[in-house]
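Here's a quick briefing to read alongside the structure. Have a look at the model first, then go through the notes topic by topic.

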Amino acid sequence: MEIEVLRHDIVIVGGGGAGLRAAIAVAEADPSVSIGMVSKVYPMRSHTVSAEGGAAAVARDDDDFEMHGYDTVKGSDFLGDQDVIQYFVQEAPKELALLEHWGCPWSRNEDGTVATRAFGGMSTKRTWFATDKVGFHMLHALFQHSMRFDQIVRYDEQFVTKLLVDGNTIRGVAALDIREGVMRLVLGRAVVLATGGGGKAFPFTTNGNIKTGDGMALAYRAGVALKDMEFVQYHPTGLPGTGILITEAARGEGGYLRNADGERFLVERDYGVGTKAELGPRDMISRAIIQEIEAGRAVTQGDWGEHVYLDLTHLGEEKIQSRIPMVRELSKLYVGVDPVHDPIPIRPVVHYMMGGIDTDIEGGTSIDGLYAAGECASVSLNGANRLGSNSLTECLVFGARSGRKALEFARGASEGDESSLRSEGANEAGRVDALRAKTSGTEKISGLRRALNDTMESGCGVYREEASIQASVDTVQEIKRRFEDVEIQDHSKVFNTELISVLELSNMIDISEALTSCAVVRKESRGAHTRRDFPNRDDQNFLHHSLCHFDSTGPKVSTKPVTLGKWEPEERKY
Amino acid sequence: MSDPPKKTFVITRFDPDVDEVPKTQSYEIAVDPDWKVLDAVNYIKDEVDGTLSHRWSCRMAVCGSCGMMVNGEPRLTCKDSVSQYGDTVEITPLSNFPVIRDLVVDMDGFMDKFKKVKPWIIRAKELAAEDGPVRQSPEELEEFKQFSMCINCMLCYSACPVVSNEPEFLGPAAIALGHRYNVDSRDEGASERNAIFRGEGTVFSCSFANECSEVCPKNVDPAAAVNQAKFNAVIDWATGLVLPSGEKE
C-alpha cells in the first residue's frame, strides 16, 4: 500500500520545552521555512509541564557568568564540557528574558524585577521562578507563543517509530498517527529530536508516563551513540508511593531535611556538603538520605516504607502559600500531609538522565542533519550530575541553538530520493502493522515493564556495585529476548494505546541496555554514579565520557574526551 | 489482614471500526484505598484488559490529560480519590466532546478555540533578548496570575451548559486565556481580543451558570474571567464610540 508522505523543511520531534523553543527559533529566523512538529502528545501535556522549582540564569549584581560556570562544572563532577557550560551561562539570561517577553509569569520583587531563589549547588540566588510551577508556566508560555506562527504545523498524537537515514544523512521520520492508526512519512531536510528523558525505565520516578526515552532509542538504533547514560539523577525529595516530585525550591526557601530522630543530618554528619547543608547538590543529598536509611535512622512507621522528612513547618503558612503553593497542594493530595503543620515524608527518586544522544555544542549528532536538545540529548552541560534549575534553561538555550543550526543545515541540503524513502517507509509500516496484528505472544506488557523496572532499580540505583550492575546487564538482555514474545491484546487501529505501550517498552529496553552497559565499565564513583566497590573518583582512568553504540551483536561501549578548560578538576567538596 | 475492598468500574467502550454506538463494560477489581480513580483505570488497562484506551501522563494534576466523567461529573482522575465513591463507579468520556475511542475524546476543536483568542503577548514594538526582562509589579502580576493557571484539562467544557447547546461557543478556558493576556500589564493587544469577544459565540453567549468554576481542578475561576472579559469588551466598545479611532487607551 502506498504510504502518505508529508514534507517540511525542518521536522521537530517532541513539543516540550526544547522542541517548542527550537520551532520558535526557526520560525523567527526565517518565516518562509515550514516546520513540522511531531509529538506523541499535545504539546501542553509534555513533561516540561511537571518541572517545579525554577530556571537558572545570572540575574543579580552579586552574580556573574564565572560563578554560574564554576558551580555547573563542579556540580558535574568535572564531566561537563567547559565550552558548552560557558556558552550556556552566557545565553541563559537572554533566553529567560525572552520567556518573560513571551508572557511567562515570573515571580517578582517589589520593584518589579524578576525574583530569584536559592537552589542546590548554586552559590547565589540565580534561579528564576514562577511560584513552584515553573515548568508549567514556561511550557504554556512557549506553546501559546508558538501559536503565532502559522508555519509551525503540528502533528499532535503522532508517534515516531523510525528515523529515515540515507547514507549518513537524515531525511525525515516515519510516524504512527495514533488517532487514525496509520503510518506516514514526515520528510524534512533536517530533524531535531526533543523527546525528553526515559525515567519510566525505573519503578520509582518523578517522570510522567510519557517519559520512555523514545528519541534516545530512535537515535541509538539509527547508529548515533548514547553518551554518559550511566548518570541517572536521583532527586532527594520524592513522595513515597507515587514518586511525585517535591521541588528543591522547598529547601531553597529554607526547608530542612530531618531523620526519624528529628536531626538535621546534613548538618550533624559530614556528607561532603559543608555549610550548604540542604542546598548541597542532588547526588550528595540523595546519598546522604540512603546512608541515613541504612544506618537505621529512617522513619519506618506508617504506610510509606523507609523515608526521611522534609520539614517546612518553620517557614509559616504565608511563605509556603506564596512561594511554594504546589508543594502544599501535592503533599495534601498525595500523602495527606499539610506541610504548614507537619513534615513531608520523602525519599530519593529517579528524576533526570544526564546522559542521552551524543551531541556537539550545536546539538549536532553523528548523522548529518540530525540534531537533539533537551533531556533526550547529552550536550554535556550536566556531566555526571546536573544542578537543579539548569535543565529548564538548557531546553531553551540548546533548543534554540539546535533549531538555528538545523535551519542552517537545511538551507544547504538536498532532498532525499523519495522512491527509496517510500519503500523504506512501507517496510516500517509493515513492521508496525505486523506488531499490532500479532496474535501469538505470552509475555504481558506490564510484566515485562515491571521486570525492567526492578532490574534497573536493583542494579543502577543510588549505590551500585559490579555484581548488581552485571546482573542488570544480563537481565536487560533477557528482557530483550522475552520482548520478542510480547502479548498484544488490542489489534484495533484507532487510538490503540496498547500498541504505543509496546513501542515505548521497546524504547525503554534499548536505553536500559546502553545505561547498564556504560555503568558496568565505569569503575569509579563520579557524580550520580556511585560504586560501592570503587568509592573514589578516578581522573587517571575515567575523566572521559562514555559512549554506547547499538550493534546487532550487542552494545559497544567506548569513550570520548571531556572538553576541559580553565577549571581544573579538583576534589569536589562543599 | 482483611481483603482489600472491591469495586466495580463501569466504563464506556467504543471502537469506531466495530461499534455503531458506545457500550459499557464492567470490571470488578480490588482497590487500594489510597488510589486515585486514574490508578484504578491504569490497573484495569495493565492487568485486566489491554484494549481499554485512555489518556494520562503526569499523575500529579498538572498535565491536564486524564479528565473523564466519574459518576456523571467531570473530574481530573489523577486528583480524584477512589475511596470517596461507592461499590460501583461509572466512568465515561468527557461530555460535550466527540469520542474517538473508549475514554479518549477529540480535542482538536478545543485547540482551535485557543488559537482564536490570540493567546500570546501582543506589543506594538517587539522586544529583543538584549532588552532584558520588562518590569512588572507583584500587584500587576496578581491581576492575571490566577487566569494563567489553566491546565487545559477541558473539564469546564464538559460542565458548561452553553457548550452543550452551542458547540461553537468559545467556552470558559479559551475566554479565560484571552482575558489573561488582556489584563497582563505587558500586553497591548486587548482591543484586538475585545473585538473577538464582541463577536458571536463568545462572552455574551455565557449564561452565568458558573458550572465551569465549580468543576475547575485548579481554581482558575473561568466564570470570573468571562464576566470581567464581558465588562471590558463593552467598555472598550463604548470608549471606541467616544474617542476617534487611534486614540484608544
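**Two helices meeting in chain B**

In α7(B), Ala190(B), Ser191(B), Asn194(B) and Phe197(B) meet a set from α9(B) made up of Ala229(B), Asn232(B), Ala233(B) and Asp236(B). Keep in mind that this is a predicted model. The notes below start with that helix pair, then move on to chain B as a whole, its domains, and chain A.

**More on the helix pair**

- Sorted by class, the α7(B) contact with α9(B) comes out at four nonpolar, three polar and one charged residues.
- Helix α7 of chain B covers residues 190–197 and helix α9 of chain B covers residues 222–242; their axes come within 9 Å and cross at roughly 105°.
- Angles from 65 to 115 degrees count as roughly perpendicular, so α7(B) is roughly perpendicular to α9(B).

**Chain B overall**

- Chain B is built with nine helices and seven strands.
- Take the principal axes, and the C-alpha atoms of chain B fill a box of roughly 75 × 40 × 30 Å.
- Chain B has 249 residues, and 46% of them count as buried.
- Looking at contacts in chain B with a separation of 6 or more, 65% are between residues 24 or more positions apart.

**Domains of chain B**

- Chain B splits into domain 1, at 6–105, and domain 2, at 108–242.
- Where do the two domains touch? Domain 1 of chain B puts 12 residues into the contact, and domain 2 of chain B puts in 12 residues.
- On the domain 1 side of that contact, β3 (67–70) and β4 (73–76) of chain B are the elements that give two or more residues.
- That domain 1 side of chain B has seven nonpolar, four polar and one charged residues by class.

**Domains of chain A**

- For chain A, the domain assignment gives domain 1 as 240–348 and domain 2 as 438–561.
- The centres of these chain A domains, taken over C-alpha atoms, are separated by 30 Å.
- Five residues of domain 1 of chain A are in contact with five residues of domain 2 of chain A.
- Helix α8 (residues 282–294) of chain A gives the most to the domain 1 side, with four residues.
- By class, that side of domain 1 of chain A divides into two nonpolar, one polar and two charged residues.

**The largest nonpolar core**

- The largest nonpolar core has 245 residues, and Val173(A) and Val192(A) touch the most other members.
- Helix α15 of chain A, residues 497–521, supplies the largest share of this core, at 11 residues.
- Leaving out residues up to four places away in sequence, Val173(A) touches several valines, among them Val11(A), Val13(A) and Val38(A), and also Lys162(A), Leu163(A) and Leu164(A).
- As a general point, nonpolar side chains tend to be buried together in soluble globular proteins.

**A buried glutamate in chain A**

- Glu100(A) sits in helix α3 (residues 82–101) of chain A.
- Is Glu100(A) buried or exposed? Glu100(A) is buried, because 24 other C-beta atoms lie within 10 Å, and 20 or more is the cut-off for that label.
- Ala25(A) is 75 residues from Glu100(A) along the chain, and their C-alpha atoms are separated by 16 Å.

Terms used
Residues are numbered from 1 along each chain as its sequence is written. Chains are lettered from A and ligands numbered from 1 in the order in which they are written. This is a predicted model: local features need pLDDT of at least 70, side-chain atom pairs count only at pLDDT 80 or more; totals for chains, interfaces and linings use all residues. A nonpolar core is a set of buried Ala, Val, Leu, Ile, Met, Phe, Trp, Tyr and Cys residues joined through C-beta atoms within 7 Å. A residue is buried if 20 or more other C-beta atoms lie within 10 Å of its own, exposed if 12 or fewer, and partly exposed in between; C-beta atoms are placed from the backbone. Two residues are in contact if their C-beta atoms, placed from the backbone, lie within 7 Å. Domain bounds come from an automatic or database domain assignment. Ala, Val, Leu, Ile, Met, Phe, Trp, Tyr, Cys and Pro count as nonpolar, Asp, Glu, Lys and Arg as charged, and the others, Gly among them, as polar. Axes are lines fitted to C-alpha atoms, for helices over the stretch in contact, and angles run from 0 to 180 degrees between N-to-C directions. Angles under 35 degrees count as roughly parallel, over 145 as roughly antiparallel, 65 to 115 as roughly perpendicular and the rest as oblique.
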